[in-house]
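The structure is shown first, and the account follows.

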Amino acid sequence: MAQEVRGVIAPGKDEPVRVETIVVPDPGPGEAVVKVQACGVCHTDLHYKQGGINDDFPFLLGHEAAGVVESVGDGVTDVAPGDFVVLNWRAVCGACRACLRGRPWYCFDTHNARQKMTLTDGTELSPALGIGAFAEKTLVAAGQCTKVDPAVSPAVAGLLGCGVMAGIGAAINTGEVGRGDSVAVIGCGGVGDAAIAGSRLAGAAKIIAVDIDDRKLETARSMGATHTVNSRQTDPVEAIRELTGGFGADVVIEAVGRPETYRQAFYARDLAGTVVLVGVPTPDMKLELPLLDVFGRGGALKSSWYGDCLPSRDFPMLVDLHLQGRLDLEAFVTETIGLDEVEKAFERMHRGDVLRSVVVL
């Protein structure tokens, strides 16, 4: 039987979000219904609300979530009712050319639930990133459920579903930060701070945080930054070079997604160094660089998709590190809120007042 639950929808471009009754169908083949316990408020949800992703309104927002599997459809064998899971928005197919080449983190045919959740009048909802977890329950593809140790708090486990994984993965998986490396992170929001935490976890010797907000730089230090640069007051390229013996950082992670900060990252790296773009640009942005500089400086220019993570590999590992006291996921949670406080959480996020608000159900 379909169930009626509460959920947060974005009804139209730039309209305030509201709590509505959502109809969640029984899971079909390959699907699962998950009772959501916590879901982080991510900037991507704000992009959906503002029409920055597409105009397929109304959206059921929320995607950084953890909860318990309530029921599964036919053919589901990897998860079962009662399993504690983190939801991921890139369920790998196992059959595309990337998966068959042993690179499933690049899967080119990720999938979501086939059925649609709706409003009570039958209006179909578009779940954010195929998840839609600002709701008491949600319907997803079973492959979007990753089992982790249930000893972890849902409020922190869910953050691995997007922002924290994107940042940690940008450092460890994409940037391949190693012991003794120097790293610079431009942009110290949730993703940038996660990149800092990931760099510390990987054994980086020097981690330089760059931002225009001193409050964010202070938080970055608590996450593992060894040096900070306020780029309103100081040329960040010169500052990073000065802090690295005049050479530039081995790895520079750009967590803003703007042409000007990408140029800073490009010129702040050492010869043969690596630039990782994890900040998400808008469709209208253009980048211009002298091709001779691209050639002459060597190294690698990489984009990081979801931290190049493989959820089945990375989520349990990071949860274990957290439970061992080696990765402080609690530090990313600024506040816990209810479903009816999401609109205010967006406002606080826009002002830079929070690292992460987490809806707890």
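A polar contact is a pair of N or O atoms within 3.5 Å; within protein, one must be able to donate a hydrogen and the other to accept it. In this predicted model, 2 residue pairs, both at pLDDT 80 or more, are in polar contact between domain 1 and domain 2. By class, the side of domain 1 that touches domain 2 consists of 4 nonpolar, 1 polar and 2 charged residues.

The two domains are assigned as follows: domain 1 covers 1–160 + 327–358, and domain 2 covers 166–303. Their C-alpha centres are 29 Å apart. To the contact, domain 1 contributes 7 residues and domain 2 contributes 10 residues.

| Quantity between domain 1 and domain 2 | Value |
|---|---|
| Buried area | about 760 Å² |
| Share of the buried area from carbon and sulfur atoms | 72% |
| Salt bridges | 1 salt bridge |
| Polar contacts | 2 residue pairs |

Of the area buried between domain 1 and domain 2, about 760 Å², carbon and sulfur atoms give 72%. On the side of domain 1, the residues that lose the most area to domain 2 are Leu327, Phe332 and Leu355, which together account for 58% of what that side buries.

A salt bridge joins the side chains of Asp353 and Arg215, with an N to O distance of 3.2 Å. The count of salt bridges between domain 1 and domain 2 is 1.

An unreviewed UniProt entry lists residues 25–176 as "domain: Cytochrome c". Over residues 25–176, the chain is 18% helix and 24% strand, and the end C-alpha atoms lie 42 Å apart.

Note on methods: Residues numbered from 1 in each chain as written. Predicted model: local features only at pLDDT ≥ 70, side-chain atom pairs only at ≥ 80, totals over all residues. Heavy atoms only, no water. Domains from an automatic or database assignment. Contact = heavy atoms within 4.5 Å. Buried area = accessible area lost by both parts, 1.4 Å probe. Salt bridge = Lys/Arg side-chain N within 4 Å of Asp/Glu carboxyl O. Polar contact = N/O pair within 3.5 Å; in protein donor to acceptor, adjacent residues only side chain to side chain. Nonpolar A, V, L, I, M, F, W, Y, C, P; charged D, E, K, R; others polar. UniProt positions renumbered as here; feature names shortened; annotations may be inferred. Helix = DSSP H or I, 4+ residues; strand = E, 2+ residues; numbered from the N terminus.
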